[in-house]
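Me: I have a model open and want to talk it through. Can you take my questions one by one?

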Number of protein chains: 2
Amino acid sequence: MAVLVVGSVALDSVRTPFGERREVLGGSATYFSVAASFFTPVKLVAVVGEDFADEHRRLLTERGIDLSGLQAAPGRTFRWKGEYGYDLNVARTLRTELNVFAGFRPSLPEHYRDCEYVFLANIDPELQREVLEQVRSPRLVACDTMDFWIAGKRESLLRTIRRVDILLINDAEARQLSGESSLVRAAQTIRALGPKALVVKRGEYGAMLFSESSVFAAPAYPLEAPVDPTGAGDSFAGGFIGHLASARDLSEKAMRRAIIFGSVMASFDVEDFSLGRLVRLSREEIHERYRAFSNLTQFEAIPEDAS
Amino acid sequence: MAVLVVGSVALDSVRTPFGERREVLGGSATYFSVAASFFTPVKLVAVVGEDFADEHRRLLTERGIDLSGLQAAPGRTFRWKGEYGYDLNVARTLRTELNVFAGFRPSLPEHYRDCEYVFLANIDPELQREVLEQVRSPRLVACDTMDFWIAGKRESLLRTIRRVDILLINDAEARQLSGESSLVRAAQTIRALGPKALVVKRGEYGAMLFSESSVFAAPAYPLEAPVDPTGAGDSFAGGFIGHLASARDLSEKAMRRAIIFGSVMASFDVEDFSLGRLVRLSREEIHERYRAFSNLTQFEAIPEDAS
């Protein structure tokens, strides 16, 4: 089952304690697409400027990603500049240039409209709805957002969220959106807004899934030498939705497996700048790390003679 | 197998967004002892002042805790005053009064000296060693410490750590002690200082165990209404060491079970002020929450047809 994603394609300039890169390929839809492409076909909706290099386009098409929904507009590609300290959990945005994104109106190619799996990456909630309205009968709609929209476009965001099956946000955003300090209560509040499930991304602390009847917690993979966390959340979403679409299964068990596949993809993303590690990945490496997650989290049931 | 613990017995004044308590029973040795007492007999070493109420002593003896190593000294009991915001992970210390702890020299009753399981709770590393020297042939020595000693008594702390089998500290302390930002590298560095295993406590994010051949990650139990995290780390240590001593098993499997029992005890501690929740606990509730941890973390092995 193909996945449709709308979000940003960007040129990122990033500095971390482990190095620096200028104007490298980035953006939420890019990370999502490449991560998801290991699981299922991907159709991308976004906009780039005249300065978008062919090599970037080639990187995406070589992963089998359908770019017929990638508009090329006059002007410059969206740019983000940011840095991280030793606490890689906290990004500091130095500059955001919307450029061609400022006037973006998503228009889906006809063959995109039957996609059943849709990921609305972090963009203006109004654009998210515009895309959703062009999809004929989505089976699963998942959505990301950020503090900027929660604070500045709350009503519009709530209208989008009402139509979403799974919301994927970080813990600070879950607290901000719900007004609750306890994540358990935040999840109850957010699920009452529409989504059947809430996925809370916690960076180096892992991820949690709050669904109707249960809570699932997965750690992040402990990396010896993380390099750049940019795109980790979108790589997570790519592995998560990619697995669900591929398995065509939305059961609790499939959702939990999907959380692990998401964590696997996020862990690889962090090992290099830009898409550096993701494009070098093999399916065997993905499966090996999934098994490493089993080893990382496994413990025995309560012993009979426990005292 | 009995566990010997040395640490503080305190009167705490605590404010959280959910309420306030003045001069209630607290201290690292207290929380550890009560939590461990659900698993194994406990012998406590500490000092209190003349103002230490009989009801506190009674609470401990009713849990079967041996207080013959609890000295009563002229003066006032150790006091701590602190507060937490909605982010319960961060304590702000408002005042520390050492009082009788300033002149404390631990002296172990004869029948304490054959204890094989020893927990050196967070006190001056010199006092930790003084206790250790009085124990004849410890089988397992575990130790906690804090930023204050890492920064101010580093050499003395390293001498203690050299004799310790398991170090239990939080993630900021692990980074501070090792000078490494990656926890994986921090664990390698710290294990080279002596301890065979490192347990990293991460508050609401759970705990990790770094041992010779593997890494284990456990989430914290997601609580709907956490009240006061004071003592969570020591309650964790009580469940952890308590289970190891009770099982008389130091295998990797036992250590992982112990991490879960530690997480269980920490989660109960946080549900009320002071020892409020721990003293009301039943063994059945402990086992029930252990099973809840299994549900919280369980996921399937990689599916054969994963794609």
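The chat below covers the chain copies, the cysteines, a helix pair and one serine.

Me: Ground rules before we start?
Reply: This is a predicted model; local features need pLDDT of at least 70, side-chain atom pairs count only at pLDDT 80 or more, and totals for chains, interfaces and linings use all residues. Residues are numbered from 1 along each chain as its sequence is written, chains are lettered from A and ligands numbered from 1 in the order written, and side-chain values use heavy atoms, leaving out hydrogens and water.

Me: Switching topic. How many disulfides?
Reply: Zero, over all chains. A disulfide here is a pair of cysteine sulfur atoms within 2.5 Å. For Cys115(A), the nearest cysteine sulfur is that of Cys143(A), 17 Å away.

Me: Is Cys115(A) buried or exposed?
Reply: Buried, at 4% relative accessible area. Buried means under 20%, exposed over 50%, partly exposed in between, with a 1.4 Å probe and protein chains only. Cys143(B) is buried too, at 0%.

Me: Now H8(A). How many of its residues are buried?
Reply: 14 of its 16. Helices are DSSP runs of H or I, at least four residues, numbered from the N terminus. Arg248(A) follows H8(A), with a positive phi near 50°.

Me: At what angle does H8(A) pack on H9(A)?
Reply: About 140°, with the axes 7 Å apart. Axes are lines fitted to C-alpha atoms over the stretch in contact, and angles run from 0 to 180 degrees between N-to-C directions. Phe236(A) and Phe240(A) are among the H8(A) residues that meet H9(A), whose side includes Met255(A) and Phe261(A).

Me: Last one. Where does Ser178(A) lie?
Reply: In helix H6 of chain A, residues 171-178. Ser178(A) counts as buried, at 14% relative accessibility.

Me: What does Ser178(A) touch?
Reply: Ala186(A), Thr189(A) and Ile190(A), not counting residues up to four places away in sequence. Contact means heavy atoms within 4.5 Å.

Conventions:
Helix = DSSP H or I, 4+ residues; strand = E, 2+ residues; numbered from the N terminus.
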